[in-house]
Amino acid sequence: MPRKNRQDMPLLDPEERVLHFGEVALGYDEEKALAEAERCLNCKTPLCMQGCPVNVDIPEFIAAIKEGNYDEAASILRRKNNLPAICGRVCPQENQCEKFCVLANKGEPVAIGALERFVGDYHLARGEKPDRTGERKDQRVAVVGSGPAGLTCAADLARMGYQVTVFEAFHKPGGVLMYGIPEFRLPKKIVEGEIEYVKSLGVEIRLNTVVGKTVTVDELLEEHGYDAVFISTGAGLPYFLNIPGENLNGVYSANEFLTRVNLMKAYKFPEHATPIMVGDKVAVVGGGNVAMDAARTARRLGAQKVYIIYRRSREEMPARKEEIARAEEEGVDFRLLANPVAIHGTEEGWVKEIELVKMELGEPDESGRRRPKPVPGSNFTLEVDTIIIAIGQGPNPLIPRSTNELQVTERGHIVVEDEKGRTSKKAVFAGGDVVTGAATVIEAMGAGKRAAQAIDEFLKAYF
Amino acid sequence: MYEIVRKEKLAPGIKLFEIKAPWVARKAAPGQFIILRVDETGERIPLTIADFNRDKGTVTIVAQEVGYTTKQLGRLEPGDAVLDFTGPLGQPSELPDSGTVTCIGGGVGIAPVYPQVKALREKGVYVITIVGARSAEYLIFTGELEELSNEFYIATDDGSRGCKGFVTGVLQELLEADRSIDHVIAIGPVIMMKAVTAITRPRNISTTVSLNSLMVDGTGMCGACRVTIDGETKFACINGPEFDAFKVDFDEQLRRLSFYRDPEAKAMAKAECRIRNAKGAE
Ligand SMILES: Cc1cc2nc3c(=O)[nH]c(=O)nc-3n(C[C@H](O)[C@H](O)[C@H](O)COP(=O)(O)OP(=O)(O)OC[C@H]3O[C@@H](n4cnc5c(N)ncnc54)[C@H](O)[C@@H]3O)c2cc1C
Ligand SMILES: Cc1cc2nc3c(=O)[nH]c(=O)nc-3n(C[C@H](O)[C@H](O)[C@H](O)COP(=O)(O)OP(=O)(O)OC[C@H]3O[C@@H](n4cnc5c(N)ncnc54)[C@H](O)[C@@H]3O)c2cc1C
Ligand code: SF4
Ligand code: SF4
Ligand code: FES
C-alpha cells in the first residue's frame, strides 16, 4: 500500500495575515492529525527520539493518537515535556526529531511537531490539572528566570516533591516565549496555559524580582533558606553594531522592539499604554529567527517596505527555512551580502537612511561558514525611518556581578562543569541560553531537565 | 499587588506615594529607582526612590503628572494598589565621604536629591542644597531639606520664593564668592543638568547627574536607555542612572527623550476621555 504524503499545515493567506497578529499556522484538525499519525511506522528503534533533547517518547504518543486516545497521548508527552503546545510550534523540528525520522530519507518525515501541537492544544483546552499525590520534600530550590529552562527545571523538581520558587524579573513569566517570540507564531494564551500547568504542579512564581538587585543568589542560599539555586536567566543583553548613528531616534534593538510589541502589547496602543513607533520603511539587520520575527512584526505594524539586511548569503542564514519563507511571502525584501557601516539622521535626530557596504564571501571561518568581507568602494544607501538591530544577544551581567565564586567566560556565559549544569559555586546550577548563548527552546528545556536531575542528586547526597 | 499606604499632594501635579514593597525596601539605596506598572494594560515607568523605610517595608516615590501613566497613578488613593513594582534598580549613588557637596534639585528632581542629602549628612559631609522650580507652589521637600542641609537656597523662575532665576544662578554666585565646593550632584531636567555642567566643567568641580532616559525593562535587556558616556554607549538602567556629568552627551539625551512625543500625545488625547468617562461613572 503506498504511504500517504505528509499532511500539510494549513496557513493563513499572506495578504490577510499581515493585517493582524493572529496565528499564522492554524494547526491540524482531528482528521489531519489521525491521517498524519497513521504515517508513523512505530519503529522498534525510533531514531526520531535521538533528535529530541528531552527524549519525548515519540512513537508511543503517536500510537495513542492513532487510537484516538488523546488524553493518553498528552500524559505520555508530559512525562518528558512540560510544554508540548509550545514545542510543537517553535521547535526547529527539521533539525531535531524530524531530521532523524526514518521517513526523512524520502524527504517526508512524520510531522512530529504538528502532532505534538495537536495533542498539547487538546490538553490545554481540556484544562486538566495534574494530580499531586507524590511525597512532599522539605528542601527548597530557587529557580532564577522563568524561560523554558527555568520552567522545565521547576516543573521537574516540583514533580519530585521539592518546594520550588521561580524568581522572575519581569511582571510576566515565560522569558522569550512571552516577550520575544511574536503572537502570530506563538499565541500568548498558549504560553499562559502551559505556565498555569507548571504552577499547578506546585511551583510558586515570584514576579518583579530582579535577582542581583532585589535579592542576590548568595542571599537566597544564606538568608532565605534555599538549598540549591538554578540560574536560567537567558541571553537577554542585546548587541549593537557600534557604528555611527546607532543612538538616533528610530533605532531599536530587536529585544526592545519585540518586548514592546509582545510583552507590553504595543500593537494594541493606546488601549495598552506602551507605544511603538514604526515608520513606512524599516531595515532589520541580521539573518536569524529574531530578525525574521522583527521583520514580520514590522509588516504587521503597518510598515510598507521591510528590508532584511544580512552580511552573508542565503545559505548561511541561521533562521529556519520555514521562517525565511514566511517572511518572503509577507513581502519582506532580502538584501543579502550587505553590511551596515553608518546610520544617517535628520537634523532633529531621527533616522533618515542606512549606509551599507557590499560584501563577498571568502574562506570558511571557525563556524564553517564562509567569512564575509567588504568590497571596497561599494557603499550604497537605503532610505529608511526605522532600524531594528537583531545581531544577537549575550548574557546579562547582573547575576555574575553580584554572586561570589561564580565563574563566567569572557563573554559572560556561566561556566558549567558538565552537561548537568553544575557551576563553580556549591549548590548553584545553571542552564539554557545563559550557559550556551542564544540557542533553542527545546535545548534550554533539556538543560533544565538535566539540572533538575543533578539538583535532586545533590540534595539527596548532601542532606 | 503593592499597596499604597500614604499619598500626599506636594505641589500642583506632583504627588508622593508611600508603597508597601518590603523586598524593594530591604535593598534600596539613594540613587536607585523602581519600575512600576499601574494595571494590566499599563506601561512600565521608572521613578526614583525618594525615601525608604526598611522596618515598615515601604518605599516612597514622587511622581510628576506629565502623561498617561503618571496621571493614572495620580488618581490612586491610599488602600489602592499598583499591579507591579520592581526594584531597586540601577547603581546606588557613589557619595563622597568628606568635603563640601552641593546638591541641586530642579522640579520633581528635588525628590531624588532628598535621600542623597540625608545620606551625605549622616556621613558628616557639609551639604549646600539648592532647589529650583517654576514658582513657589511647585517647590517640594523644602522643609525637610532646609532642616537637613548645612546651607539651603531656593530659586524660582518668577521670584515668588527665594532668588528670582535658575538654580545655576545660585551656584554661580556661590562660586564667584569663592566658596570652595568639592563635588556637585545635580538632578532635574536635562537642560538644567547641562547648564550646571557648563558651570562646573571649566572649574573642574566633579559633577554627578542622573539620566532619566526612556526605559522598558530596567535590567539591561532592551537598550532603550542607551546613553553616550565618553563616546561609548552605556545602558542607563544598569550602568547608571547616575553618571559623571563631564562625560555625558546631553544633546543626544534631549533628542532621545522626544522619541515618543507624538504617540504619547495621542494616548493622552484618548486617555483624557477615558479618565472623564471613568469619573462620570463614579
Ligand atoms: C525573537 C526570538 C525568537 C526565537 N524563536 C525561536 C524558535 O522559533 N524556536 C526556538 O527553539 N527558539 C527560538 N528562540 C530562542 C529561544 O527562545 C531561547 O533559546 C530560549 O528561550 C532560552 O531559554 P532560557 O530559559 O535559557 O532563557 P529565556 O527564555 O531568555 O528566559 C530567561 C528569563 O530570565 C529572566 N531573567 C533574566 N535575568 C534575571 C534576573 N537577574 N533575575 C530574575 N529573572 C531574570 C528573564 O526576564 C527571562 O524571563 C528565539 C529567541 C528570540 C529572542
Ligand atoms: C531612572 C529614572 C528615574 C525617574 N524618576 C522620576 C521621578 O522620581 N519622578 C518623576 O516624576 N519622574 C521620574 N522619571 C521620569 C518618568 O519615568 C516619566 O515622567 C514617566 O515615564 C512618564 O510617563 P507618562 O506615561 O506619564 O508620560 P508619557 O505619556 O510617557 O510622556 C509624557 C511626556 O513626558 C516625556 N517623557 C517620557 N518619559 C520621560 C523620561 N523618562 N524623562 C523625561 N521625560 C519623559 C515624554 O516624551 C512626553 O513628552 C524618571 C525616569 C527615569 C528613567
Ligand atoms: S519536543 Fe521538539 S524536538 Fe522533541 S519531539 Fe517535540 S518537537 Fe521534536
Ligand atoms: S522514526 Fe519516524 S516513523 Fe519511526 S517512530 Fe519515529 S516518527 Fe515514527
Ligand atoms: S531599560 Fe532596557 S536596557 Fe535599560
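## What wraps around ligand 2

S4(B) gives the largest share of the shell around ligand 2, with four residues. Strands here are DSSP E runs of at least two residues and helices H or I runs of at least four, numbered from the N terminus. This is a predicted model, where local features need pLDDT of at least 70, side-chain atom pairs count only at pLDDT 80 or more, and totals for chains, interfaces and linings use all residues. Residues are numbered from 1 along each chain as its sequence is written, chains are lettered from A and ligands numbered from 1 in the order in which they are written, and side-chain values use heavy atoms, leaving out hydrogens and water.

In total, 21 residues surround the ligand, each with a heavy atom within 4 Å of it. Among the closest are Pro46(B) and Thr48(B).

## Polar touches

Let's look at the N and O atoms. A nitrogen of ligand 2 sits 2.8 Å from a polar backbone atom of Val62(B), and one of its oxygens is 3.0 Å from a backbone N or O atom of Thr69(B). An oxygen of ligand 2 is also 3.1 Å from a polar backbone atom of Leu257(B).

## Where the chains meet

Chain B brings 46 residues to the contact and chain A brings 50, with contact meaning heavy atoms within 4.5 Å. Two salt bridges cross this interface (a side-chain nitrogen of Lys or Arg within 4 Å of a carboxyl oxygen of Asp or Glu). Glu219(A) and Lys27(B) form a salt bridge, N to O, at 3.0 Å. On the side of chain B that touches chain A, S7(B) gives the most, six residues.

Key:
A polar contact is a pair of N or O atoms within 3.5 Å; within protein, one must be able to donate a hydrogen and the other to accept it, and residues adjacent in sequence count only if both atoms are side-chain atoms.
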